[in-house]
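Colleague: Could you take me through this one before I set anything up? I'd like the terms spelled out as we go.

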Amino acid sequence: MADYKKPIPDPDPYTTGPFWDGAKQGKLFLPRCTDCNRAHFYPRIICPFCHSTAIEWFEASGEGWIHTFAVQHRAFGGWADEVPFVTAYIDLKEGDRMFTVLRGVDGNKPEEIKVGAPVKVEFEAATEDVHIPFWRVVG
Amino acid sequence: MPTNPSMSAAIVGAAESNKIGYIEEGTTNNILFIEAIKNVCDQVGIRPSDIEGIAAPNAANFLAEYLGIHPKWIDTTSVGGCSFQMQVHHAMAAINAGIIDIAVVAHGESGYSARKNSGKGRGGRGPGDPWAPASMFEAPYGTSGAPSNYAHALTRHMHRWGSTKEDFAQIAVTTRDWATLNPRAVMHSKETHPAGGPITIDDVLNSRMIAWPLNLLDCCLVTDHGGAVIVASAERARSFRTPPVWIAGAGENQSHTSMLEMGDFTATSAYASGHAAYTMAGMGPSEMELAMIYDSFTITAGITAEMLGLTPRGEGTSLWADGKAGPGGSGIPVNTNGGGLSFSHSGMYGMMLLIEAYRQLSGTAEDGIHGIEGKQTSAKTAIVNGTGGSLSVTGTLVLVADD
């Protein structure tokens, strides 16, 4: 952990606490509106779909699909050592999207990476308290 | 006709966040902003989705995204404590002009909590702020700058619409052709830059990979640039020694701020801002004789051509195909200064679009300094569209030459 050289998020304790608590246990927690029943991401104190403030957290499946991706050939800091790496937007099984760096793919062969491919979440401990979600292609 | 805005608008509600004062458990700008907006909506009896215009110092765009609304009037004026009085003034002007009927002017500032959380973020606004959503959920993943983000849109466009990198490369090739007619263009010739015009599709495809599928020559320049325009009342417009170019239509819209919230990666709010501008002008895409389209990347220009109705959906690059948007081409001329890809792009390209549109429609595009023979077109109408952020926010103008 001490040698995690890439940017480490500074969790906002007021809005996103359950997300990071879940991540420490290797679980993906998402916020969901109890009025319209839709999950959203990034976490908010108001539902971006129906504007209810009745938000609860639930453990999500950790499954999704690649919505789109790009191969980064230029990066800074700790990421510079990993080019070319593949960034992607993930359509979550429960709805809405997350951003990630894909695992289980080769940045030198973008034509082999498929939009729509199934992915599963995994977590890497950047510090004791901050575990960062990454998504791995599983099919 | 301009009218005195006196009495044209009123403040109809006022509310605060749930907690104010010394909030010992801590809070963030976003929480204060959003609670206040939610509470004033409840008080007035509207939903946040009824809000057409949003004003908040340095934050209106991020708040709109947080609320999931797509405002058609956005004011981030941030000049200190009087910003809110000014934003009420701006909102009144927009209402008087018929642009919007309902706007919210909002404040959220965690002065006490921020001091307590010294060294951490204030939890509002955008990237660069440690507690902004983008800082927590995008920044950890190694993207750096616009090309690393915009590349995702091109991948999705190719997937959804069957477009190709070659199709988009033609956009870059055509801007170089225009640049050969503009001595002030960075990419005017091989003398002004080793990659200067003209170039081929293969040159684009073989240039260095920046963020697949974007090669270097799919990406705009990074230059120095300054520019300004004068806007005057219709009454005054003919009293100057320079010819007027009329603002027939105008529109703005925002779909998101970060690409995390971009619903369709192959569409932008240029559809909405363009529609507003066309409607105001009483004109349509088929009547546009010049297009000045923000080309931060080839994908930006391609998508925008679709959004502005200049091509069918998914076929944005057809506007440039076979060089028809270039000098002497069979289609409408596009980005006659050479665009952000070949003329100049300092980070915010919108002013350069405006200046070239003014020159073309005022017949001054070949004034001996800024163009050489062939750059001046016969266009009497122009669609001028700017795109900002991460394909986030757009402003569109329909400009018309003087009779």
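Modeller: Let me begin with a term: two residues are in contact if their C-beta atoms, placed from the backbone, lie within 7 Å. Helices (H or I, at least four residues) and strands (E, at least two) are DSSP runs, numbered from the N terminus. This is a predicted model, in which local features need pLDDT of at least 70 and side-chain atom pairs count only at pLDDT 80 or more, while totals for chains, interfaces and linings use all residues. Residues are numbered from 1 along each chain as its sequence is written, and chains are lettered from A and ligands numbered from 1 in the order in which they are written.

Colleague: OK, what does α1(B) pack against?

Modeller: The buried residues of α1(B) pack against α2 (60-67) and β3 (103-105) of chain B. Buried here is a count: 20 or more other C-beta atoms lie within 10 Å of the residue's own, with exposed at 12 or fewer and partly exposed in between.

Colleague: And how many residues of α1(B) are buried?

Modeller: Twelve of the 16 are buried, so α1(B) is largely enclosed by the rest of the structure. Among them are F33(B), E35(B) and K38(B).

Colleague: Switching topic, what's in chain B overall?

Modeller: Chain B has 13 helices and nine strands. Its radius of gyration is 22 Å, close to the 22 Å that the globule rule gives for 403 residues, so chain B is as compact as a globular protein of that length; the radius is taken over C-alpha atoms, and the rule is 2.2 Å times the number of residues to the power 0.38. Buried residues make up 51% of the 403.

Colleague: How many residues of chain A are in contact with chain B?

Modeller: On chain A there are 39, in contact with 40 residues of chain B. The elements of chain A that give two or more residues to that side are β3, β4 (85-92) and β5 (97-103).

Colleague: What is the bridge partner of A211(B) in β5(B)?

Modeller: That is L214(B); β4(B) and β5(B) (residues 214-215) run antiparallel, joined by two bridges, and a hairpin links them through one residue.

Methods: Two strands pair if DSSP finds at least two bridges between them.
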